[in-house]
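Q: I have a chain open on my screen and would like to go through a few residues. Can you take me through them one at a time?

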Amino acid sequence: MKKLVLLFVLALFAAACASVQEAKNFANCRYALRSVEIADYNLNSLSFDVYVGITNQNRKDAAAIKKFEGSLTMNEVPVGDVKFENVRVEPGATKNQKVNLTVPMKTFNSKLLGAVSMGSGTVDYHLTGTAYFDTPLGEVPVPVDIGRVGSAN
């Protein structure tokens, strides 16, 4: 019985060590808002392609993002939710995850709509959210807060 309990404790300890290592790998990911581009427009809405760059700085292990949930603002105006799932970034690699976002025209004030539609360099894009990673002990949330000023950066 003691051997069984000891074996169970050792297995739990090994899983916890693996989870700590995986959490460390996720902390080594860097995020960047690569670009926000108008994809389509009509009288009711604007569609954007949002590109989120994810760089896995770990040289040995891939990073597997179970899901990302965040919100995008333009010049401090909330415009929509950015979500994606099941993204794998190989060791030392960068992946640009594309997300299509459709925003109702009523969301924009006239000044912001003009700046966005003209591709103005004065638009401040900001993405705040949480990336979730799977570990043997459950999901690990990692906060993400990235911004990008203008269309020329």
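Q: Where does Pro143 lie?
A: Pro143 lies in strand E7, residues 138-149. Strands (E, at least two residues) are DSSP runs, numbered from the N terminus.

Q: Before going on, what sort of model is this, and how are residues numbered?
A: This is a predicted model, where local features need pLDDT of at least 70, side-chain atom pairs count only at pLDDT 80 or more, and totals for chains, interfaces and linings use all residues. Residues are numbered from 1 along each chain as its sequence is written, and side-chain values use heavy atoms, with hydrogens and water left out.

Q: Back to Pro143: buried or exposed?
A: Pro143 is exposed, at 70% relative accessible area. Buried means under 20%, exposed over 50%, and partly exposed in between (1.4 Å probe, protein chains only).

Q: And what is Pro143 in contact with?
A: Apart from neighbours within four places in sequence, Pro143 is in contact with Gly129 and Thr130. Contact means heavy atoms within 4.5 Å.

Q: What separates the C-alpha atoms of Pro143 and Tyr132?
A: They are 8.8 Å apart, and the two residues are eleven apart along the chain.

Q: New topic. What is the phi of Asn75?
A: Asn75 has a positive phi of about 50°, although it is not a glycine. Most residues other than glycine have a negative phi.

Q: Where is Asn75?
A: Asn75 is in the loop between strand E3 (63-74) and strand E4 (77-89). Asn75 is partly exposed, with a relative accessible area of 34%.

Q: What about Asn86?
A: Asn86 also has a positive phi, near 50°. Asn86 is in strand E4 and is exposed, at 65% relative accessible area.

Note on methods
Helix = DSSP H or I, 4+ residues; strand = E, 2+ residues; numbered from the N terminus.
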